[in-house]
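The following explanation walks through one protein model, beginning with a single side chain and then widening to the whole chain. Please keep the sequence and the structure in view while reading.

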Amino acid sequence: GSGGGQNLLYLLKEFVQDEKLIKKFEVDYQKGQLKYSELKPVLAESIIAFLNPIRKKREELLKDKKYIEKILRLGAAKASRIADKNLSAIKKIIGLT
């Protein structure tokens, strides 16, 4: 449908750097001649290229289990401190302290 085409064009603008290519698909869409069989592979390749550095960094981090465990411990401790403060404030507000 037309909403799907608009959504794909929005994604295209976010992930594709080639302004001429974006314009081509926009014009095709406006003329009612958008070919999803052409748009989807271009969009998929662009999203994959965008996500590749993130995927590589994730793979790199997953190799270092001790680092991950350290980050999780630090995050849990920080979350616990924040939760304790919030809980104290809430108890004070509702008169439980």
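Which side chain does the side chain of E26 join in a polar contact? The partner is K13, and the polar contact between the two side chains spans 2.9 Å. The model is predicted, so this distance, like every other value here, is computed from predicted coordinates.

E26 belongs to helix α2, which covers residues 19-30. Once neighbours within four places in sequence are set aside, E26 is in contact with L9 and K13. Is E26 buried or exposed? E26 counts as buried because its relative accessibility is 17%, and the cut-off for buried is under 20%.

A second residue to look at is L61, in helix α3, which runs over residues 36-62. The relative accessibility of L61 is 31%, so L61 counts as partly exposed; that class lies between the 20% limit for buried and the 50% limit for exposed. Which residues does L61 touch, apart from those up to four places away in sequence? They are Y67 and I68.

The protein has 4 helices and 0 strands, and its pattern along the sequence reads α-α-α-α.

What radius of gyration does the protein have? The value is 24 Å, whereas a compact globule of 97 residues would have one near 13 Å. Along the principal axes, the C-alpha atoms fill a box of roughly 65 × 40 × 20 Å. Of the 97 residues, 13% count as buried, and E26 is one of the residues in that class.

Contacts can also be sorted by separation in sequence. Among those between residues at least 6 apart, 49% join residues at least 24 apart.

Definitions and conventions. Residues are numbered from 1 along each chain as its sequence is written. This is a predicted model: local features need pLDDT of at least 70, side-chain atom pairs count only at pLDDT 80 or more; totals for chains, interfaces and linings use all residues. Side-chain values use heavy atoms; hydrogens and water are left out. Helices (H or I, at least four residues) and strands (E, at least two) are DSSP runs, numbered from the N terminus. Buried means under 20% relative accessible area, exposed over 50%, partly exposed in between (1.4 Å probe, protein chains only). A polar contact is a pair of N or O atoms within 3.5 Å; within protein, one must be able to donate a hydrogen and the other to accept it, and residues adjacent in sequence count only if both atoms are side-chain atoms. Contact means heavy atoms within 4.5 Å. The radius of gyration is taken over C-alpha atoms; the globule rule is 2.2 Å times the number of residues to the power 0.38.
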